[in-house]
Amino acid sequence: MNLNAIYTGDALDVLRTLPDKSASCGVTSPPYYGLRDYGVAGQVGREDTPEAYIERLVAIFHEFKRVLANDGTLWVNIGDSDWGKKGLSGESSHAYQAARYAAGVSYNRPCSSTGVAGVVGPRQGSHPVIKRKDLIGIPWMFAFAMRADGWYLRQEIIWNKPNPMPESVRDRCTKSHESLFLFSKKERYYFDSKAILEPYTQPLNRWSGNDLKANGHSKWAQATGQNAYRNRNMRPNPGGRNKRSVRNVQLRSFRGAHFATYPEALIVDCIKAGCPPGGVVLDPFMGAGTTPVVARKQGRQYVGIELNPDYVKLANERVERAGKLF
Ligand SMILES: C[S@@+](CC[C@H](N)C(=O)[O-])C[C@H]1O[C@@H](n2cnc3c(N)ncnc32)[C@H](O)[C@@H]1O
């Protein structure tokens, strides 16, 4: 396996060529179902049914598991889609998207659309269960299918977007979050929780004094009835509190020729907790290279896979700009 390199090709095909247990950790965001056209034949996300999409993703991650170290984790950011929206199981027309982008209300580039004539994608059609306007529930369909395939489904982390995309809906709330799932290959795995401790929101002296003594009775403990924390030796860590499962991360406009990058801030902690320093982070849907950029900045190595050669070029340039660490 070539380290600190990006392979051009289909995720499953390339993963099949990589050696067993050669990656420490995976961090990735597959194409969402029916929302984007990445302009290449064989792309994931254009399957006719959500079931076919999930089946394909699970097959790719099944192969990924072979390449992952036994103590490795996989972090997957995956979004949901509505069924039959605007006549297709995807987004708005190209013209609409372009207008929104020009008006500055969209973070997507104008080319992101399933409505373009001639694009092969999810067809408008009936589904035995899912009705038009239904939320498909892709993230949990995916999570349960991965678990059924043998992954340990460890956690759903919520990516809360303080600046979500505006939506013109009047019969539901504006969507402002996405899922980030943590999977592990085995029951026990590498997870450096100390590397991602976060600051307390209340001053630590709230717990100080007697609370830090195993046998003391503090006013705070008595007042809150939380003696159980002390009894279970769960006194606060002076270095910070354990990372919470909701991440507040701003959407950022990406000016390169890719329209679905995730923010660097979303994945920094995945890499710090999931990959030992110097280890290898593998991203099978690498896009414009956010994972390799963050891996480098955090002193980790990377391997990327991307189907669209234009994005591979873009990612290599971005990684180059991020500086050489190795
Ligand atoms: C959501 S984007 C990833 C963006 C990336 N996280 C970033 O920040 O730049 C998904 C990427 O998967 C790529 N892709 C689609 N089908 C693929 C396949 N079969 N194999 C590998 N990559 C694929 C798309 O071209 C797209 O760049």
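Tutor: For two strands to count as a pair, DSSP has to find at least two bridges between them. Keep that in mind here, and remember that this is a predicted model.

Student: Why are β2 and β7 called a pair?

Tutor: Strand β2 (residues 23-28) has 2 bridges to β7, in the parallel sense. The cut-off is at least two, so they count as paired. One of the residues involved is Gly26, whose bridge partner in β7 is Leu282.

Student: How do you know which faces of β7 are covered?

Tutor: Look at the side chains of strand β7 (residues 280-283): Val280 and Leu282 are buried on one side, Val281 and Asp283 on the other. Buried takes 20 or more other C-beta atoms within 10 Å. These four residues are buried, so both faces of β7 are covered.

Student: What makes β1 and β6 edge strands?

Tutor: The open, mixed sheet of 8 strands runs β1-β8-β7-β2-β3-β5-β4-β6. β1 (5-8) and β6 (246-248) each have a single partner strand, so one side of each has no neighbour in the sheet.

Student: And which strand does β1 pair with?

Tutor: β8 (residues 301-306), parallel, over 4 bridges, with Ala5 standing opposite Val303. Helix α9 (residues 309-322) packs on the sheet there, touching β1 and β8, and its direction makes about 170° with that of β1.

Definitions and conventions
Residues are numbered from 1 along each chain as its sequence is written. This is a predicted model: local features need pLDDT of at least 70, side-chain atom pairs count only at pLDDT 80 or more; totals for chains, interfaces and linings use all residues. Two residues are in contact if their C-beta atoms, placed from the backbone, lie within 7 Å. Axes are lines fitted to C-alpha atoms, for helices over the stretch in contact, and angles run from 0 to 180 degrees between N-to-C directions. A residue is buried if 20 or more other C-beta atoms lie within 10 Å of its own, exposed if 12 or fewer, and partly exposed in between; C-beta atoms are placed from the backbone.
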